[in-house]
Amino acid sequence: MHFTGRTWRPPYEAHSVIIQATSGCAYRKCRFCSLYKDEPFRMSPMKEFEEDLAEIKSLQPYARRVFWTGANPFSMSYERLKLRARTVRDYLIKCQTMAMFASVRDIRAKEAWQLKKLRAMGINGLTIGTESGDDDTLLLAGKGYTAADILEQCQKLDQAGIEYYFVYMTGLAGKGGGYRNAVRSAELFSQLNPYFISVDSLTLFPGTKLYRMAQAGRFVPAGEKERLRELQIFIEELRIRTHLFADSRSNFYPVTAALPRERESVIGELQYVLDTVSEEEMVEYRRGLKSL
Ligand code: SF4
């Protein structure tokens, strides 16, 4: 298999077959992120892609879901995506879905009819690192799109029948911004249909712009308890039926919930943590994190 550089897949793709379609990130401007800072974006040549598919076929000929690596393979043109999707099906006859990371910018570059065609070819299950639905926070994070862009582009996915997943990041708005970020993000996300929302919490790593801004006093990170309260508000305000996974390592206390059914119980669980764990203990936990 032609894996080069950092191979990153979300935890919920653990049962998918992984193939390198791209490596690196085509954007690399998010201020909190250093994931691919030394790795230029690259599309795997078709020769490599096909060699990998042949290898997968020899080991898992009935693979049903394939995850394409890279921060945003969906940035490829419609024609390139089409060629790769069709080639996957040439090799893996049972493959039903091809999932990958995508950014709002990548969706914007596709026409509605192209999205429908891609869905028909098996492209489904886009993880979108929205991080927030609040314009001030999106600007601060350097995401390069607005809440209105998220709404417009994800409505296109809804119309095309492409399933998608959101990421929300607590703490990203900085000290004092958690409430606003939670309310506005929940309001935006509630107008869309993310199959689930995965929640991370901001950790400032050296090498990121936000880290340097914090060092210079131009960004004040939110406290740990503020982030848990932010998560409570986000859950409280979400008005859609979805699943929430706030169980990655960046969350001090891992929780998952089927919403709205488990709304009150998970908010209560978080309140118990707020009432019984000190800020210092939570800060210490975050200090120990070495990567996302
Ligand atoms: S968060 Fe995603 S889109 Fe932003 S720079 Fe990092 S890898 Fe690229």
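I started with E4 (residues 65-68) and E5 (residues 97-102), which pair in the parallel sense over 4 bridges. Helices (H or I, at least four residues) and strands (E, at least two) are DSSP runs numbered from the N terminus, and two strands pair if DSSP finds at least two bridges between them. I looked up Trp 68 too: its bridge partner in E5 is Met 100.

Housekeeping before I go on. This is a predicted model, where local features need pLDDT of at least 70, side-chain atom pairs count only at pLDDT 80 or more, and totals for chains, interfaces and linings use all residues. Residues are numbered from 1 along each chain as its sequence is written.

Next, the sheet. I find an open sheet of 8 strands with mixed pairing, in the order E1-E4-E5-E6-E7-E8-E9-E10. E1 and E10 (255-259) are the edge strands, each pairing on one side only. From one strand to the next, the twist averages 20°.

I then checked what H9 does. H9 lies across E7 (164-170), E8 (196-201), E9 (242-246) and E10, and runs at about 145° to E7. Axes here are lines fitted to C-alpha atoms, for helices over the stretch in contact, with angles from 0 to 180 degrees between N-to-C directions. Contact means C-beta atoms, placed from the backbone, within 7 Å.

On to H1 (residues 46-59). H1 has 14 residues and reaches 20 Å from first C-alpha to last, close to the 20 Å expected (1.5 Å times one less than the number of residues). Its buried residues are Phe 49, Asp 52, Leu 53 and Ile 56. These fall within an arc of 105° seen down the axis, so they line one face of H1; the arc is that of the directions from the helix axis to the C-beta atoms. I count a residue as buried with 20 or more other C-beta atoms within 10 Å of its own, exposed with 12 or fewer, and partly exposed in between, the C-beta atoms being placed from the backbone. The buried residues of H1 pack against E1 (17-19) and H2 (78-91). On the face turned away from the buried side I noted exposed Lys 47, Ala 54 and Ser 58.

Ala 216 counts as exposed because it has 8 C-beta neighbours inside 10 Å.

Last, the whole protein. I get 11 helices and 10 strands. Of the 292 residues, 41% count as buried. The C-alpha atoms fill a box of roughly 55 × 40 × 35 Å along the principal axes.

Key
Two residues are in contact if their C-beta atoms, placed from the backbone, lie within 7 Å.
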